[in-house]
Amino acid sequence: MPTFLHIGCGNLRKENTTPGFDKSDWAEVRLDIDPAAKPDIVGTMLNMSGVVTASMDAIFSSHNIEHVYPHEVPVALAEFKRVLKADGFIVITCPDLQSVCQLVADDKLFEAAYDSPAGPMAPIDILYGHRRSMAAGNLFMAHRCGFTLRVLSGSLVEAGFSKVAARKRGYPHFDLWAVASVNDRPDAELQAVAVQHIPR
């Protein structure tokens with residue numbers, strides 16, 4: 001059975017990932033920095049020493065990569081690539097600064113951009129981290145960097161991923177999604193993986 005590493009899982013499980021992973025033929029290993037989330041492995045994106053090299057078939061990383069500093073992004077992506085098998089792939093999603101900054105340019109920094117399970121999210125929350133969570137003491141939620149579609153795709157290529165398929169979603173999502181493979185798989189094959197994991 002193939003296994004995917006759910007990075008920064010929080011309290012979520014595989015049914016909260018993608019339709020491609022939420023299937024009986026995928027096993028999930030949960031990793032989080034916060035022991036309170038009761039992950040299988042406690043660790044950070046910068047040090048996943050608890051995960052054996054080349055042991056994972058895939059990775060799911062949702063709204064994590066923006067929590068490290070810009071100079072740490074290559075370190076995190078190198079760790080992602082290290083734990084993947086030679087034919088493995090990553091599904092990664094994060095905020096889209098380009099679409100969020102359009103709201104800022106329209107002077108809507110504190111206006112609700114969309115409703116989430118955690119309540120209304122304003123551009124300032126998307127840019128810098130969820131204010132309510134941080135006010136409650138969860139500073140793990142702080143954002144320290146950000147991405148546009150070109151920067152996210154380029155960062156994955158620079159980290160050694162051979163192929164990347166990515167898309168941006170504007171209102172009401174304001175996010176980026178990418179699938180990147182370790183090996184140089186055919187474009188049609190990567191697109192098939194993207195269809196399973198990247199929402200429309």
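Let's start at one pairing: serine 61 has isoleucine 92, in β5, as its bridge partner. This is a predicted model, in which local features need pLDDT of at least 70, side-chain atom pairs count only at pLDDT 80 or more, and totals for chains, interfaces and linings use all residues. Residues are numbered from 1 along each chain as its sequence is written, and side-chain values use heavy atoms, with hydrogens and water left out.

That bridge belongs to a wider pairing. Strand β4 (residues 56-62) and strand β5 (residues 84-95) run parallel and are joined by six bridges; two strands count as paired if DSSP finds at least two bridges between them. Methionine 56 stands opposite leucine 84 of β5. β4 also runs parallel to β1, with four bridges joining the two, and here phenylalanine 4 has alanine 58 in β4 as its bridge partner. Six of the seven residues of β4 are buried, where buried means under 20% relative accessible area, exposed over 50% and partly exposed in between, using a 1.4 Å probe and protein chains only. Together, β4, α1 and β5 form a right-handed β-α-β unit: with the strands pointing away from the viewer, the path from the first strand over the helix to the second runs clockwise.

Now step back to the whole sheet. The chain has six helices and nine strands, taken as DSSP runs numbered from the N terminus (helices are H or I with at least four residues, strands are E with at least two). Seven strands make an open sheet in the order β3-β2-β1-β4-β5-β9-β8, with mixed pairing. β3 (41-42) and β8 (163-169) are at the edges with a single partner strand each, so one side of each has no neighbour in the sheet.

Two helices deserve a look next. Helix α5 (residues 149-158) lies across β5, β8 and β9 (175-181), running at about 160° to β8. Helix α6 (residues 187-197) packs on the sheet as well, touching β5, β8 and β9, and its direction makes about 40° with that of β8. Axes here are lines fitted to C-alpha atoms, for helices over the stretch in contact, and angles run from 0 to 180 degrees between N-to-C directions.

Leaving aside neighbours within four places in sequence, phenylalanine 80 is in contact (heavy atoms within 4.5 Å) with residues including Ile7, Met45, Ile59, Ile92 and Phe161.

Valine 91 lies in strand β5 and counts as buried because its relative accessibility is 0%. Its C-alpha atom is separated by 7.3 Å from that of tryptophan 177, 86 residues apart along the chain.

Finally, the chain as a whole: buried residues make up 46% of its 200 residues, and its C-alpha trace spans about 45 × 35 × 35 Å along the principal axes.
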